[in-house]
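This report examines a single structural model, with attention to strand pairing and residue packing. The sequence and the structure are shown first.

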Amino acid sequence: MNQRSLFIAILLLTLLLPITAHAAPIAPSISITITPDKLNPANAGYIYIGGVYPLNVKATLDDQPLNVFWSGDGYMALFAFDFDQPAGDHTIAVTADNPETGEHAEKTQIVTVQAYSYPLESVALPSKLIPLLDKDLNIHEVDHLNTIYAGRTNLGGWDWPFNFPVPGGIVTSRFGGDRTYNGGMWHAHHTGMDFRRSIGEPVYAAAAGRVAVAELFDVRGNLIIIDHGQGVFSQYAHLSEFDVQPGDWVARGQLIGLAGATGRTNGPHLHFEVIVNGITVDPLKLLALIPNFVPPREVNPSTISSGG
Ligand SMILES: [Zn+2]
């Protein structure tokens, strides 16, 4: 390129460059949302902090720090209470500081755990599954799961809100039922929600993450657990087939396996769980907090059709 053409090129570039607008500074705004302010035991809520990245955000539940993470368009933290949480008030405190503008925002809110009894449900299992009602076997499986849920990874991404693992699917059994199996041989809460699925029908990841588990469990059968980071996991049980392996990264909506009837179930279906901060929570109630949430279709929630 000679000097003349270089000059023309620079001239053209200068003329074509858009004029940079120097708009008046936008009024700073940090918004803090904490929802819900009343919830049942074994439920989760979320804190959302809207504002320009980066902010220094701190959130606590009863003075205990919560994991705060960037969600792609805001900061989030999830809080959860387990089945045994007595009714009472708890304090969530959030502070957000913008180190560049000096802007500061804070919010303190009481969240109330309400007294609530999950409905009693009675499940009958065929005699060949009775060994799976063994107390030690059940406790061992839950202990194993809890060690997985104790993991706290920062996977750097987040899909919020979650999808359901069976888009458009029909819910056959809600979360939380206080279940008695075969007249009292085993007694436990239903720690997930069930979707109607025939053997071989697809099951999809609720959100992006890394596959933590894809193996056969006694009670839950062929089980996939996806680690979404920040102490949030999703679990898919009774599968007939795995389409992912531990360590695989999956995208929201990706096929991960096929529904089945493995483990302690009296029929094919998908059992789906969401775990927040080590606590199994009601997925439906958590997703229902999202604006524009469309509830899934349900058969009579009091009807137990799956038993798993
Ligand atoms: Zn279930």
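## Basis of the model

The model is predicted; local features require pLDDT of at least 70, side-chain atom pairs count only at pLDDT 80 or more, and totals for chains, interfaces and linings use all residues. Residue numbers start from 1 along each chain as its sequence is written.

## A three-stranded open sheet

An open sheet of three strands has the order β10-β12-β13, with mixed pairing. Strands are DSSP runs (E, at least two residues) numbered from the N terminus, and two of them pair if DSSP finds at least two bridges between them. Because β10 (120-123) and β13 (186-189) each have a single partner strand, they stand at the edges, and one side of each lacks a neighbour in the sheet. From one strand to the next, the twist averages 25°; the axes behind such angles are lines fitted to C-alpha atoms, and angles run from 0 to 180 degrees between N-to-C directions.

Strand β12 (residues 178-181) pairs with β10 in the parallel sense over four bridges, and Val-123 has Tyr-181 of β12 as its bridge partner. The pairing of β12 with β13 is antiparallel and also spans four bridges; here Arg-179 stands opposite Ala-188 of β13. Four residues lie between the strands in the hairpin of β12 and β13, where Asn-182 takes a positive phi near 45°.

## Thr-91 in strand β8

Strand β8 (residues 88-97) contains Thr-91. This residue counts as exposed because it has 12 C-beta neighbours inside 10 Å; the exposed class is 12 or fewer other C-beta atoms within 10 Å, the buried class 20 or more, and partly exposed lies in between.

Beyond residues up to four places away in sequence, Thr-91 touches Asp-62, Thr-108 and Ile-110, contact being defined by C-beta atoms, placed from the backbone, within 7 Å. The C-alpha atoms of Thr-91 and Asp-63 are separated by 7.8 Å, although the two residues are 28 residues apart along the chain.

## The largest nonpolar core

The largest nonpolar core comprises 61 residues, and those with the most contacts inside it are Ile-47, Ile-49, Ala-77, Leu-78, Tyr-236 and Val-276. Such a core is a set of buried Ala, Val, Leu, Ile, Met, Phe, Trp, Tyr and Cys residues joined through C-beta atoms within 7 Å. Strand β7 (residues 75-81) supplies its largest share, seven residues.

How values were computed: Two residues are in contact if their C-beta atoms, placed from the backbone, lie within 7 Å.
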